[in-house]
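Hi there,

Here is the structure I promised to pass on. Have a look at it first, and then read my notes below.

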Amino acid sequence: MTSAGEPEGAAPSPDKSPPRREEGRPYLTGGKPERHRGDKTFWQRFREELYADNTFTVTALAVVLALAVGAVLMVLGDEAVRQQWAYFFYQPLQTLQASWDFIAKAYSDMFKGAIVNPDTLNRWFWGMTTWQQVLRPISETLTNAAPLILTGLAVAIPFRAGLFNIGAQGQAIMGAIGAGTIGILLDLPAIIALPLALIVGIVFGGLWGGVVGVLKAKTGAHEVIVTIMLNYIAALFLGWYILQPGIKDPARTDAISKEVYGSSLLPKIFDPSLRVSLSIILALLAAWAMAWLLNRGRFGFELRAVGYNPNAASTAGMKVGATVSVTMALAGALAGLGGATMVLGTAQVLTNGVVGQIGFNGILVALLGRVKPWGVAAAGLLFGALQSGGQAMQTFAGVSNELVTVIQSMIVIFVAAPMLVKSIFRLRKSPSEAASAVLAKG
Amino acid sequence: MEPGEIHALLGENGAGKSTLMNVLYGLLQPDKGQILADDKAIKIRGPNDAIAAGIGMVHQHFMLVPVFSVAENVMLGHEPAKGGFLDHAAAVRLVREVSEQYGLPVDPDAVIEDLPIGIQQRVEIVKALTREVDLLILDEPTAVLTPQETDELLMVMRGLKGAGKSIVFITHKLREVKAVADRITVIRRGKVVGTAEPTAPESELAEMMVGRSVVLEVPKKDTPPGELVLQVEQLIVADDRLHRAVDGVDLEVRSGEVLGIAGVQGNGQSELVEAIMGLREAQAGKVSLLGQDVTGWDTRDVLKAGVGYVPEDRSVDGLVKEFSIAENLVLDLYRSQPFGGRFSLNPKAIVESAGGRVDEFDIRTQSAEQPAGSLSGGNQQKVVIAREMSRPLKLFIAAQPTRGVDVGSIEFIHKRIIAEREVGTAVLMVSSELDEVVALADRIAVMYRGRVLAVVPPDTPREKLGLLMAGVTDTGEGEEPS
C-alpha cells in the first residue's frame with residue numbers, strides 16, 4: 001500500500017521545498033491530492049486570488065463598502081445636496097451630478113489630507129513650496145497611526161491567548177500618567193529623561209494590565225468585566241491626578257497639567273516642522289517584536305497553545321495562569337507605551353482627553369488586522385490615514401470629522417461579517433483558503 | 001434497508017461511518033449522489049426533513065439538556081402546546097406511552113444529569129421513537145456502557161426490531177455486531193468494501209475493516225516486575241462538582257508491569273489520574289514516584305520526573321488542534337534543547353524531529369506541518385502517544401489509550417505500550433474497554449465509585465470482572481491487598 005506513490009509528491013515545486021521525507025509519500029489520508037501552490041506562476045495565482053474570498057480582498061472590499069456607506073451619509077448630511085434631491089424628478093442628472101461632485105470633493109480632500117496633495121507636489125516641483133509641505137499629510141497619518149498600532153497590539157496579543165482585552169484605554173491612560181509624571185517633574189538630560197519616561201509609562205500600563213491577568217488566573221474574574229471597570233478607574237484617576245499641586249499648571253484655571261520638559265519629548269524623525277516622531281518607529285518595532293514572539297518565541301508558543309486549548313496546554317505542563325498574567329501585563333505594557341507616546345509626542349501635557357480614544361480604537365484596529373501583528377500595523381496605518389484625512393475633509397469639504405468614526409466602524413463591521421462582503425461581491429472561493437487558514441495561526 | 005432489520009455498519013474510525021449517517025440525518029449535505037427511500041430519491045436538508053422521512057438518530061455524544069427533565073428533553077423541538085403554553089402533562093404521557101410500548105422504562109420527571117449514562121441513552125432512543133421514526137441510527141451506542149448495560153441495549157435493539165423498526169447500528173466492536181446484526185456492511189476509507197453475514201468469523205470481519213489481517217492478541221514476554229515506581233496511598237480527590245470522586249485509593253505500579261484500571265467511565269478513574277499528574281488537587285493522601293513524594297507537584301515537574309501521560313480525551317486535553325503535528329509533538333518539550341532556548345524556538349529542529357516521529361509512529365499525514373485537527377482520531381492519538389513516548393520514561397500513564405481509535409491503530413498502540421513495559425517502564429492504563437485491559441494488563445484493578453474494589457489477575461473470568469465493574473463483590477474471593 002505504501003508503494004503507491006503520488007506524482008505530485010515526486011515532483012516538488014521549486015518555490016516550496018518540503019522536508020525530504022515527504023517526497024513520494026502517498027496521501028494515506030485518502031483525500032484527493034491537492035495541487036501544490038507552486039505549480040502555477042505568480043500571475044496565475046494572483047489572478048485567481050484577486051477576486052476570491054481571501055483576507056486581503058475581503059478587507060479591501062470592506063473598505064470600499066464602508067466608503068460607499070459614508071458617501072450616502074455625506075449626501076444625506078449636507079444641506080445643499082439634500083435640497084437638490086427635492087428636484088430629483090425635475091432635474092435627475094443635476095441632482096446626481098451635485099451628489100457626485102460633493103462626494104468626490106470630500107473623498108479627494110480626504111486623500112489629500114492623508115497621503116499626498118497633488119497640488120502641493122506640483123508646486124514643490126516648481127520650487128514654490130518646501131518638501132516638508134509635501135510630506136505633511138504622510139507625517140500626520142504616521143503620527144496618528146503609531147498609538148493605534150500599539151493599542152491594536154495590546155488587544156491582538158491577548159486575543160491570541162484567548163483573552164479579550166477591552167482595557168487598552170485604561171492601560172494607555174496609566175501609561176500616559178506614568179510617562180507624563182516623569183516628563184513634568186524631572187528635567188534631566190534627554191538621554192536619561194526620554195527612556196525613563198517611556199519605561200515608567202510601559203511599567204504603569206503593564207501593571208494595570210497585569211492586575212487583570214493575575215485576577216483572572218487566581219480568582220477566575222473575567223477579563224472583560226475587570227478591564228471595563230479598570231478603564232473607568234483609570235479615566236477618573238487621571239481627572240483627579242492632573243488637578244494635584246505639582247502636576248497642575250498653576251497658570252491655568254482648567255484641568256490641565258504643566259508642560260512636559262523638552263528633554264522628555266520624543267524626537268522628530270524627519271524635520272522639526274513635521275509632527276511625525278520616534279513613536280511610529282517604536283510602534284513598528286513593537287509589531288515586529290510581537291510577530292517574532294508569536295512565531296518564533298518560546299513564550300509565544302505557550303501563549304498560542306493557551307489561547308487555542310488551555311486544557312491541553314496545562315496537561316502538557318504549561319502554566320496557564322502564569323501565561324495569562326504575563327500576556328495581560330505585556331498587553332498593558334504595549335498600551336502603556338501607546339499612551340506614553342501621546343503625552344511625550346503630540347499632546348505634551350496631561351489632560352482628561354490626552355489619549356483620546358486610542359484604547360477603544362485599538363480594538364477595531366486589532367480586529368481589522370486579524371489579530372496578527374503585521375496586520376495590526378497595516379490596520380493602524382489605515383486608521384491613521386482615515387483620521388488625518390478626516391481632518392482635511394472637515395476643513396476643506398465641510399464634512400464632519402465624525403464621519404470618519406462611522407467609516408471606521410463600518411469597515412470593521414464588514415470585516416467581521418465576511419459572508420456579507422462575499423455575497424455582495426459574489427467572490428469565488430479562494431484557492432489558498434485552506435492554506436491561509438493554516439497560516440492564520442501565525 | 002429492510003423493515004425490521006438490524007443492519008450493522010462496521011468500520012475503522014475515520015472510515016466515514018459517522019459522516020454517512022450524518023448525511024442521512026441531514027446534518028451534512030452530500031457533495032454527490034442521492035438517498036433513496038421506498039425507491040424514491042429524497043432530499044434531506046436538515047434533521048427535520050430526516051424525521052419527516054422517518055429517520056431518527058442517537059448520537060455518539062448525547063444531545064440532551066442536562067438540567068432538563070426526561071419529558072422536557074423528549075419534547076424539545078416539537079413541544080406539545082396548549083393555547084401557547086407548554087403542555088407538560090402531554091409530554092409526560094407521551095414518554096410513558098412510548099417507554100411502555102417498547103419496554104424502555106424511564107421516569108419522565110427525572111432530571112437528565114442525575115441519570116446514569118445507560119439510562120440517558122435510553123432517553124435518546126425514546127426521544128427518537130416519539131417522533132414515530134421507522135429507521136433508527138445508533139452511532140457507537142456501546143462506547144460508554146458497562147458490559148451489562150451493553151447487553152441490555154442489545155436486548156432493546158432486538159425488541160425494537162420485533163416491533164418492526166429498522167436499526168442502523170454503527171460500531172467497531174465485532175462481538176456486538178455478531179450478537180445482534182442481521183446484515184453487516186463494512187466501510188473502509190469512505191467506500192463500502194463488502195457485506196457479511198453475522199456468522200462470519202471475527203478475524204475475517206476485522207480484516208475487512210482494516211484491509212489486512214490483524215493481530216487481536218498482543219504477545220507479551222514473561223518478565224517479573226521490578227522496583228516500585230508509583231505508589232498511591234489513601235488518595236482522596238474531589239471532582240469539579242466537589243463530590244468525592246476518588247475515595248481512599250491505594251495503588252502500586254512496579255517497573256516492567258502494566259496495571260490496568262478497569263471500570264465504567266465516571267467512577268473516579270479520570271480524577272485519580274489527574275491527581276497523580278498534578279492536574280487536580282488531592283484532598284488527602286500521598287502520591288510517590290520512585291520513593292519521592294510528588295503530591296501537589298506541578299504537572300511540568302511530574303512530567304520532567306519521567307512520567308508520560310496520555311489523557312483520556314485527546315481533543316480536550318491532548319492536542320492543540322489548530323497547531324501543526326510538529327508543534328503538538330513538542331507541546332511538553334519546547335523548553336528543552338534542541339527545540340527551544342530561553343526565549344526562542346527552533347522551528348527547524350521541531351519539524352525535523354517531527355519527521356522521524358511521524359514515520360516511527362505511523363502517523364498518516366501528508367506533512368508534519370498539517371494542523372493536528374485534520375488527522376483522523378486514531379492518528380491524533382498516535383501524535384499524543386508519540387509525544388509522550390519521546391522522552392525516557394519511568395512511568396507511562398495511558399487513560400483510554402484507544403478510545404475512538406480504529407482497529408489498525410489499536411493494534412499499533414497496544415504494541416507500543418507493551419514495548420514500553422518490556423524496557424522496564426511502569427505502565428498505568430485506565431480503560432473502560434474490558435477487552436483491552438484483559439489483553440494488556442498484568443494486574444487489573446477494578447474501580448467503582450471512587451474505590452478500588454479488587455485487584456485481580458487478567459485471567460479472571462469476564463463475568464466476574466463485569467460484576468465487579470457494576471459494584472458487586474462476592475466477599476473473600478479475588479480480593480487481594482494491593
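Let's start with the largest nonpolar core, which has 252 residues. Among them, A:Leu153, A:Ala176, B:Ile137, B:Leu395, B:Ile397 and B:Val446 touch the most other members. Helix H14 (residues 320-347) of chain A gives the largest share of this core, 15 residues. A nonpolar core here is a set of buried Ala, Val, Leu, Ile, Met, Phe, Trp, Tyr and Cys residues joined through C-beta atoms within 7 Å. Helices are DSSP runs (H or I) of at least four residues, numbered from the N terminus.

This is a predicted model, so local features need pLDDT of at least 70 and side-chain atom pairs count only at pLDDT 80 or more, while totals for chains, interfaces and linings use all residues. Residues are numbered from 1 along each chain as its sequence is written, and chains are lettered from A and ligands numbered from 1 in the order in which they are written.

Back to A:Ala176: leaving aside neighbours within four places in sequence, its contacts (C-beta atoms, placed from the backbone, within 7 Å) include A:Gly201, A:Met342 and A:Val355.

Next, a helix pair. Helices H8 (residues 168-185) and H10 (residues 223-241) of chain A pack at about 30 degrees, with axes 7 Å apart. That makes H8(A) roughly parallel to H10(A) (angles under 35 degrees count as such).

Enjoy exploring!

Key: Buried ≥ 20, exposed ≤ 12 C-beta atoms within 10 Å, placed from the backbone. Helix = DSSP H or I, 4+ residues; strand = E, 2+ residues; numbered from the N terminus. Contact = placed C-beta atoms within 7 Å. Axes fitted to C-alpha atoms, helices over the stretch in contact; angles between N-to-C directions. Parallel < 35°, antiparallel > 145°, perpendicular 65-115°, else oblique.
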